[in-house]
Amino acid sequence: MNAIVLFLVGAAALIIGYVTYGKWLAGQWGVDPGKTTPSHTMEDGLDYCPAKAPVLMGHHFSSIAGAGPINGPIQAAVFGWVPVFLWVVIGGIFFGAVHDFGALFASIRNKGQSLGEVVADTMGSGAKKLFLVFAYLTLILVVAAFASIVANTFMATYNADGSVNYAASSANASTAIISLLFIAIAIVFGFLVYRRNASLGVSTIIGIVAIVAIMAIGLNWHPLYLSNQAWMIILGIYILVASVTPVWILLQPRDYLSSFLLYFMMAVAAVGIIGAALTGHGTLDIPAFTGFKDTLYADNGFTAGTSLGYMFPALFVTIACGAISGFHSLVASGTTAKQINSEKDARPIAYGAMLIESGLAVISLCAVGYIWNSFKTGQTITPTVVFATGISKMCATIPFLAGAETVIYAMLILAVSVFCLTSLDTATRLARYMFQEFWLEPGQTWHEAKGWRKTLTNPLVATVITVIAGIAMGMTGYAKIWPLFGAANQLLAALGLLTVATWLGKMGKNNKMFLFPMAFMLVVTLTSLVLTLKGKIAELSVVASGWGIALTVLAVLLIILAVVLAVTGIRTLIAQHGEKQKEEQTA
């Protein structure tokens with residue numbers, strides 16, 4: 001298979017899906033640009049704040065992207081390029097984009113509140129509480145996983161005697177200092193645009209020039225060589241502050257500016273794929289299909305226990321953000337719905353951003369396919385390294401980029417790190433929303449709460465609790481958390497689909513496009529969670545540890561919550577169908 005064929009076919013399918021299916025969905029649901037959005041009716045300068053469409057697109061896209069569309073397809077490539085490509089394209093158009101668009105639209109029509117309030121409206125307050133607990137626990141896993149990923153990309157490497165290996169740590173130190181300088185640029189950008197009414201276009205150009213400048217600075221000056229634990233603590237302090245500051249000063253501008261890094265990364269990848277093909281180096285060595293069971297790791301002597309197992313359910317859980325991800329519904333209904341200026345922006349921001357992410361997943365597949373021989377033998381296995389290596393080597397086949405392989409590699413690693421950081425602090429803010437909402441009455445603010453509830457729902461207190469839980473869990477390591485996070489995240493997507501389906505049913509709108517994706521994801525993710533639980537129990541029978549027991553209990557709790565919510569939602573859908581049939585018979 002040639003990389004350019006895979007890339008162009010995928011891009012064409014995603015564009016057609018947006019133009020046709022996305023437009024049809026907007027018509028079916030009654031998206032109305034004339035309706036005033038919550039960002040205007042409930043503007044408070046903190047969470048509810050109207051945002052220009054390009055700025056909000058940048059926030060939403062940067063928040064949902066993270067490392068997901070890179071990690072998932074590269075890990076799942078062990079099954080071959082055909083299963084990965086089909087799930088990314090079909091899943092993106094008919095599962096993920098529908099899920100994201102529906103969650104955003106439902107939240108907009110419910111005062112910008114989370115899906116928890118939508119659940120309360122259709123399934124009752126008891127179901128809402130269960131959903132909030134499930135979503136909060138999933139977000140704690142998100143914080144833990146992404147904090148661990150970011151800390152790993154920042155941390156120093158040490159010699160056997162405990163001294164810092166400066167040569168081996170240089171790239172990570174550069175990434176760290178550039179990321180910190182990036183935050184400073186975002187704060188200045190937000191102040192100028194939202195408090196000094198500076199031109200967005202001019203500010204954007206200055207911001208992009210500043211990004212180039214800090215990259216040059218970071219590659220030549222990187223004084224911070226800290227341990228993983230030190231960076232985890234620093235990240236905890238950062239997300240604590242970022243979660244309670246007004247969205248206009250950091251969240252909006254930082255995510256907007258970081259989106260240009262992602263656009264740049266995808267543009268470089270497109271140039272590399274097309275250029276490699278034109279120079280006769282675009283062939284992908286990855287097989288079309290390797291089998292229904294992942295035997296690649298075992299056959300090549302990889303670390304025991306890293307096998308993904310059988311394609312069902314592993315493929316559909318491993319590839320989350322590139323096809324469908326429950327985290328997206330929390331972003332859409334948590335921060336994006338509170339900032340959207342007009343309902344007409346909902347389709348490009350929610351449906352469109354998901355399909356761009358699917359495009360990134362196709363690019364990731366091309367990257368791993370290009371260095372397949374190195375990947376399958378374990379020489380290059382870390383997903384971010386695989387992505388950066390594959391794309392930079394493609395670019396190196398183009399004559400005018402032949403000497404830029406090292407620079408392109410470094411910039412790609414930096415871009416992935418920045419997206420993980422944006423997802424991290426967005427997840428913290430969303431978890432704070434969920435925690436507060438659990439203790440408050442419908443429509444009540446934390447200012448109106450009394451006694452201990454007012455203390456618990458104070459934004460600072462709620463955030464501190466969330467950060468301590470997430471960072472503490474993250475210190476156990478990415479590898480221990482990711483399998484449980486993957487299953488929980490995809491199960492959250494199934495519950496998100498179910499929630500929007502019941503809400504549309506109550507509104508008298510067509511919800512049939514949700515039914516098959518919802519049923520499929522429920523079966524996939526419950527199967528995966530049961531297998532994960534089985535593995536955790538097996539681990540405990542060998543070595544019992546505090547965190548091992550905690551993760552096992554968490555897996556059990558997630559399964560119970562999901563089953564109860566699924567049964568409640570399905571019963572609601574059946575009742576709605578029965579009422580509709582009665583109305584039709586009466587008419």
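Modeller: A residue is called buried when its relative accessible area is under 20%, exposed when over 50%, and partly exposed in between, using a 1.4 Å probe and protein chains only. The structure shown is a predicted model, in which local features need pLDDT of at least 70, side-chain atom pairs count only at pLDDT 80 or more, and totals for chains, interfaces and linings use all residues. Residues are numbered from 1 along each chain as its sequence is written, and side-chain values use heavy atoms, without hydrogens and water.

Biologist: Is arginine 429 buried or exposed?

Modeller: Arginine 429 counts as buried because its relative accessibility is 0%. This residue is placed in helix H18 (residues 405-439), where a helix is a DSSP run of H or I with at least four residues, numbered from the N terminus.

Biologist: Which residues does arginine 429 touch?

Modeller: A contact means heavy atoms within 4.5 Å. Leaving aside residues up to four places away in sequence, arginine 429 touches several residues, among them Leu46, Asp47, Thr245 and Thr335. Its side chain reaches the backbone oxygen of threonine 245 at 2.5 Å.

Biologist: How does isoleucine 233 count in terms of accessibility?

Modeller: Isoleucine 233 counts as partly exposed, because its relative accessibility is 46%. Isoleucine 233 lies in helix H10 (residues 228-244).

Biologist: Where is confidence lowest, and where is it highest?

Modeller: The pLDDT is the predictor's confidence in each residue, from 0 to 100. The protein has a mean pLDDT of 88, and 96% of its residues reach 70 or more. Confidence is lowest in helix H12 (residues 296-299), with a mean of 54, and highest in helix H5 (residues 81-108), at 97.

How values were computed: Helices (H or I, at least four residues) and strands (E, at least two) are DSSP runs, numbered from the N terminus. A polar contact is a pair of N or O atoms within 3.5 Å; within protein, one must be able to donate a hydrogen and the other to accept it, and residues adjacent in sequence count only if both atoms are side-chain atoms.
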